[in-house]
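Hello,

Here is the structure I promised to pass on. My notes follow below it.

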Amino acid sequence: GAAPLAVGDQVYVAGRYEEYAGDPPDITVGTLTELVAATVSCVSAGPIPAPILVADPATLAGATPLEAGTGEPYEGVLVELRGLDITAAPGPFGEWRVTGDLRVDDDLYETAPAPVSGERLGSLVGVIDAANGNFQLQPRSAADVVRVPRETTPALCTNGTDDDVDG
């Protein structure tokens with residue numbers, strides 16, 4: 001058989017592209033994309049690509065995947081955001097929110113301990129996904145969710161670094 005793949009490998013994927021919008025079709029709630037009869041082969045081993053830095057998390061959020069000016073260009077892309085506040089703790093399906101009303105989901109990694117509204121994140125990295133009618137960020141591991149103490153006064157910035165990225 002084929003050699004196992006490793007994180008960072010560049011791969012070639014071939015198959016038939018199919019997209020489903022439900023029965024009856026309802027593209028307002030998003031679609032499911034699938035490669036049918038897919039084959040995957042390793043092109044080369046290599047490091048994990050660096051995430052793309054996105055300055056404004058609202059750029060990635062949107063009421064629906066069809067909403068203009070939303071995360072569509074970033075779907076499937078590894079992104080990084082800095083200096084965020086958690087604005088809503090996880091709901092019944094594990095989804096939580098950050099600055100800019102961006103949804104963060106737990107399909108790839110369940111953040112532990114659970115995020116708490118009001119916490120500060122120095123950075124958040126993940127893949128942008130469209131599901132349940134919204135764009136959301138999918139962190140891959142604990143390293144993607146960097147919690148920092150809130151530095152409410154200059155005296156709290158004891159290491160000389162603006163860890164909570166609020167200037």
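Which residue takes a positive phi in the hairpin of β7 and β8? Asn-132 does, near 55°, and two residues lie between the strands.

First, the ground rules. This is a predicted model, in which local features need pLDDT of at least 70 and side-chain atom pairs count only at pLDDT 80 or more, while totals for chains, interfaces and linings use all residues. Residues are numbered from 1 along each chain as its sequence is written, and side-chain values use heavy atoms, without hydrogens and water.

**Strand β8**

Strands are DSSP runs (E, at least two residues), numbered from the N terminus. β8 covers residues 134-138. Five of its five residues are buried (under 20% relative accessible area, with a 1.4 Å probe and protein chains only). In a regular strand, side chains alternate between the two faces of the sheet. In β8, both faces are covered. Asn-134, Gln-136 and Gln-138 sit on one side, Phe-135 and Leu-137 on the other.

β8 has pairing partners (two strands pair if DSSP finds at least two bridges between them). With β7 (residues 120-131), the pairing is antiparallel, over five bridges. There, Ile-128 has Leu-137 as its bridge partner. With β6 (residues 102-104), the pairing is parallel, over two bridges.

**The core**

The largest nonpolar core has 18 residues. Such a core is a set of buried Ala, Val, Leu, Ile, Met, Phe, Trp, Tyr and Cys residues joined through side-chain atoms within 4.5 Å. Trp-96, Val-98, Leu-121, Leu-124 and Leu-137 touch the most other members. β4 (78-88), β5 (96-98), β6, β7 and β8 each give two or more residues to this core.

Take Val-98. Beyond its neighbours within four places in sequence, its contacts (heavy atoms within 4.5 Å) include Leu-84, Ile-86, Val-104, Leu-121 and Leu-124.

Thr-111 lies in the loop between β6 and β7. Why does Thr-111 count as buried? Because its relative accessibility is 9%. Leaving out residues up to four places away, Thr-111 touches Trp-96, Val-145 and Arg-147.

**The surface**

Leu-5, Val-11, Val-13, Tyr-17, Leu-35 and Val-40 form a nonpolar patch, with about 530 Å² of accessible area together. β1 (10-20) and β2 (32-44) each give two or more residues to the patch. The largest share, three residues, comes from β1. Val-11 lies in β1. Val-11 is partly exposed, at 38% relative accessible area.

Best wishes

How values were computed:
Buried means under 20% relative accessible area, exposed over 50%, partly exposed in between (1.4 Å probe, protein chains only). Helices (H or I, at least four residues) and strands (E, at least two) are DSSP runs, numbered from the N terminus. Patches are made of residues with over 30% relative accessible area and no salt bridge: like charges are joined within 9 Å, nonpolar side chains (Val, Leu, Ile, Met, Phe, Trp, Tyr) within 5 Å. Accessible areas come from the Shrake-Rupley method with a 1.4 Å probe; for residues, only the protein chains shown count as cover. A salt bridge is a side-chain nitrogen of Lys or Arg within 4 Å of a carboxyl oxygen of Asp or Glu.
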